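Please read the numbered points with the sequence and the model in view.

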Amino acid sequence: MTLDDLRQQWQQQMRSRWGALDERERRLVRLAGVLVLLALLWWVGLQPALRTLRDTPQRLADVSTQTQHMLRLAQEARELRDAPPVAAAQAARALQAAAERLGPAARLNLQGSQATLVVQGLPGDVLWAWLGEARSAARARPVDVQLTRSGNGYSGTVVLVLGGDAP
C-alpha cells in the first residue's frame, strides 16, 4: 500500500464521517476549525510581530546606550595610547600612592616592571576606581586578575605591568 493509497483511504473515511454528521454538528465543527485557525494565526503570525513592535524601542535604546559606552571606551583607549609614557619610577610612585588610599584592605608589591595588588574585602567600585587610576596615572595594565567576590567585597590579586617598562 502506497502513501497515495493511504491518503485516498483517509480522505474517503473523512468524507463518510462528514456525511454522517447532521447540519448542526457540521456548523460546530466548522466553528471549531475557524477558532483553531484564528488561534494559530494569533500565536504564529500576529503575537510575535506585535511583541517585536512593542520591544523594539527599548532594544534600540539599549543598543544606543551600549554603542555610546563603546565609543567612550574607544576614545579613552585612543587617549591612553596617545599619552606619553610614564617613567617606571613615576609609575611606581603613582601606584604606591593609589594603593595607600585603599587603606588596610589592599597591599601593593612592586617587583621590577610588575606590580601585584593583594586585596581583601575591597568594594567593587573602589577597586574599579583604583584600576582606572592605575591605568591613567601609571599607564599600568592588568595582565592577571584572580578575584573572588564575597559579601564584603572582592578578595584576591591583580597583577599589573607598568607602562614605561612594558614590552
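This is a predicted model: local features need pLDDT of at least 70, side-chain atom pairs count only at pLDDT 80 or more; totals for chains, interfaces and linings use all residues.

1. Two strands are said to pair if DSSP finds at least two bridges between them. Helices (H or I, at least four residues) and strands (E, at least two) are DSSP runs, numbered from the N terminus. With these terms, β1 and β2 form a hairpin that leaves two residues between them, and G112 in the turn has a positive phi of about 65 degrees.

2. Residues are numbered from 1 along each chain as its sequence is written, and side-chain values use heavy atoms, with hydrogens and water left out.

3. Overall architecture. The protein contains four helices and four strands. Their order along the sequence is α-α-α-β-β-α-β-β.

4. Overall dimensions. The protein has a radius of gyration of 34 Å, whereas a compact globule of 167 residues would have one near 15 Å. The radius is taken over C-alpha atoms, and the globule rule is 2.2 Å times the number of residues to the power 0.38. Along the principal axes, the C-alpha atoms fill a box of roughly 100 × 35 × 30 Å.

5. Burial and surface. Among the 167 residues, 17% count as buried; buried means under 20% relative accessible area, exposed over 50%, and partly exposed in between (1.4 Å probe, protein chains only). The accessible surface is about 12,300 Å², and carbon and sulfur atoms supply 59% of that area. Areas come from the Shrake-Rupley method with a 1.4 Å probe, and for residues only the protein chains shown count as cover.

6. Of the contacts with a separation of 6 or more, 50% link residues 24 or more positions apart, where contact means heavy atoms within 4.5 Å. The protein carries 20 positive and 15 negative charges, whose mean positions are 4 Å apart. Lys and Arg count as positive and Asp and Glu as negative, without His and the chain ends; each charge is placed at NZ of Lys, CZ of Arg, CG of Asp or CD of Glu.

7. The pairing of β1 and β2. Strand β1 (residues 106-111) and strand β2 (residues 114-122) are antiparallel and share six bridges. Q111 stands opposite Q114 in β2, and R107 has V118 of β2 as its bridge partner.

8. The pairing of β2 and β4. These strands run antiparallel and are joined by seven bridges.

9. The pairing of β3 and β4. Nine bridges connect these two strands in the antiparallel sense, and the pair forms a hairpin with two residues between the strands. P142 stands opposite L160 in β4. G151 lies in the loop between β3 (141-150) and β4 (153-161). G151 counts as exposed because its relative accessibility is 88%.

10. Residue D144. This residue belongs to strand β3. Why does D144 count as partly exposed? The reason is that D144 has 34% relative accessibility. Leaving aside residues up to four places away in sequence, D144 touches T157, V158 and V159. D144 and T157 are 13 residues apart in sequence, and their C-alpha atoms are 8.0 Å apart.

11. Backbone at R139. R139 is located in the loop between α4 (124-137) and β3. Most residues other than glycine have a negative phi. R139, a residue other than glycine, has a positive phi near 55 degrees.
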